[in-house]
Amino acid sequence: MDKKKVLIITYYWPPAGGPGVQRWLKFVKYLPEFNVEPIVFIPENPNYPLIDNSLKSEVSDDITIIKYPIKEPYRVAGILSKKSSQTMSKGVISEEKKQSFIEKFMLFIRGNFFIPDARISWVKPSANVLFEIIEKEKIDTLITTGPPHSVHLIGLSLKEKTGLRWLADFRDPWTSIGYHKQLRLTKNAERKHKKLENSVLNSADQILVTSNNTKSEFRKITNRPIEVITNGYDDEPVIDFEKDKKFSIAHIGSLLSKRNPMNLWKALSELVKENHEFAKDLQIRFVGVVGENILESLRDLNLSDYFDDIGYVSHNQSIMYQKKSQLLLLIEIDSEETKSIIPGKLFEYMVSGRPIISIGPKDTDVEKIIKETNTGNHFYYDDYESLKSIILEHYKAFKNDELETYPIGLQKYHRKSLTHSLSKLL
């Protein structure tokens, strides 16, 4: 039986670091086991904000990779302000009251002149070259994944030219994602975003999303079939590590300005004052980009001596930090728009063997998954007393060498199981 050929168009690919690269890297890894031959189309000279060369080893030599040049405006933006262009490309946007004139100007340009995003110039030339590749390779299905959502416009163009079956994968929502409101959009620019989103959602043959909340949101816009396939975890190489001797509470990944759980820091500050042993044992660890206002909050609450700002590390190193820490933090912005966000690290957290402390809005997919798998606790931003109580409970278990998790039903979130679900749609 001949393998089905699928063309996957993605911006993020090794050596890109961060969460955006993981989803399709893993799908491509396992698709051949389900009689699907993936052909991957990526930018030749991308300006990735984070680099992780260790991920290159996960790309099989048998996979066909096609690269095509891209013009990256963030390189030009670096002339105005290298720091602002780098932080913006990582998704870090300062609080409005702290934004410099240059940052406000760059946000306005980004939001109103690069619609839907800064990779828009890659759309037309990519669609032109891919038209010939589709004919030559006899592609059966086209897949686009965003953000950047300009990648979906390549799919839209190819759909119009070829009529090829098209699956549009949304790792995050489009116009309802948190940072969209920070782009200083004019009404005209907002209308253009909505129009493009509507065109993609009503032209693709199949919509793929990572959460049930996103599915519900998109169902109001389109009648096209929508399938939920979450992100997941994969088998990781054996890593030498020794569990922390201190009561370490770690956040892995970006912790941006609006994800500042003040009640958590206040609870930890009070426990430090009330419990001498707790104060001796506490360690707060950040592995990844951290908003300055979060560090300021810790300093204001006299927690400066307890936090360790590691910075960005490779994926393998992040796994090591997850396994060696005593508790793992998962923080999401407290807003209606973030209910659909399921950070990719959640699934790696779930198989780390460490309890999860999740803080975010009510009725999120994250809350349901954590409860369903028995891997931790989810708290709302105003849950001060219960949050403080569970931290103290975990601390007592730590002191008795009994701090463990007893997860259930994790196998369905393995990357191979998720890829099997994807293969049925192809």
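This is a predicted model: local features need pLDDT of at least 70, side-chain atom pairs count only at pLDDT 80 or more; totals for chains, interfaces and linings use all residues.
**Overall form**

The protein chain holds 16 helices and 13 strands. Its radius of gyration is 22 Å, which agrees with the value near 22 Å that a compact globule of 426 residues would have. The C-alpha trace spans about 70 × 55 × 40 Å along its principal axes. Of the 426 residues in the protein chain, 55% are buried. When contacts between residues at least 6 apart in sequence are considered, 74% join residues at least 24 apart.

The accessible surface of the protein chain amounts to about 19000 Å², and carbon and sulfur atoms account for 49% of this area. The chain carries 61 positive and 57 negative charges, whose mean positions lie 5 Å apart.

**Aromatic pairs**

With ring centres required to lie within 6.5 Å, the count comes to 15 aromatic pairs. Two of them are set out below.

| Pair | Centre to centre | Angle between planes | Geometry |
|---|---|---|---|
| Tyr11 and Tyr12 | 4.9 Å | 90 degrees | edge-to-face |
| Phe247 and Phe398 | 5.4 Å | 45 degrees | tilted |

Phe247 and Phe398 are both buried. Together with Phe278 and Tyr395, these two residues form one aromatic cluster. Tyr11 and Tyr12 are likewise both buried.

Conventions: Residues are numbered from 1 along each chain as its sequence is written. Side-chain values use heavy atoms; hydrogens and water are left out. Rings of Phe, Tyr and Trp (its six-membered ring) pair if their centres lie within 6.5 Å; planes under 30 degrees apart count as stacked, over 60 as edge-to-face and the rest as tilted. Buried means under 20% relative accessible area, exposed over 50%, partly exposed in between (1.4 Å probe, protein chains only). Helices (H or I, at least four residues) and strands (E, at least two) are DSSP runs, numbered from the N terminus. The radius of gyration is taken over C-alpha atoms; the globule rule is 2.2 Å times the number of residues to the power 0.38. Contact means heavy atoms within 4.5 Å. Accessible areas come from the Shrake-Rupley method with a 1.4 Å probe; for residues, only the protein chains shown count as cover. Lys and Arg count as positive and Asp and Glu as negative; His and the chain ends are not counted. The place of a charge is taken as NZ of Lys, CZ of Arg, CG of Asp or CD of Glu.
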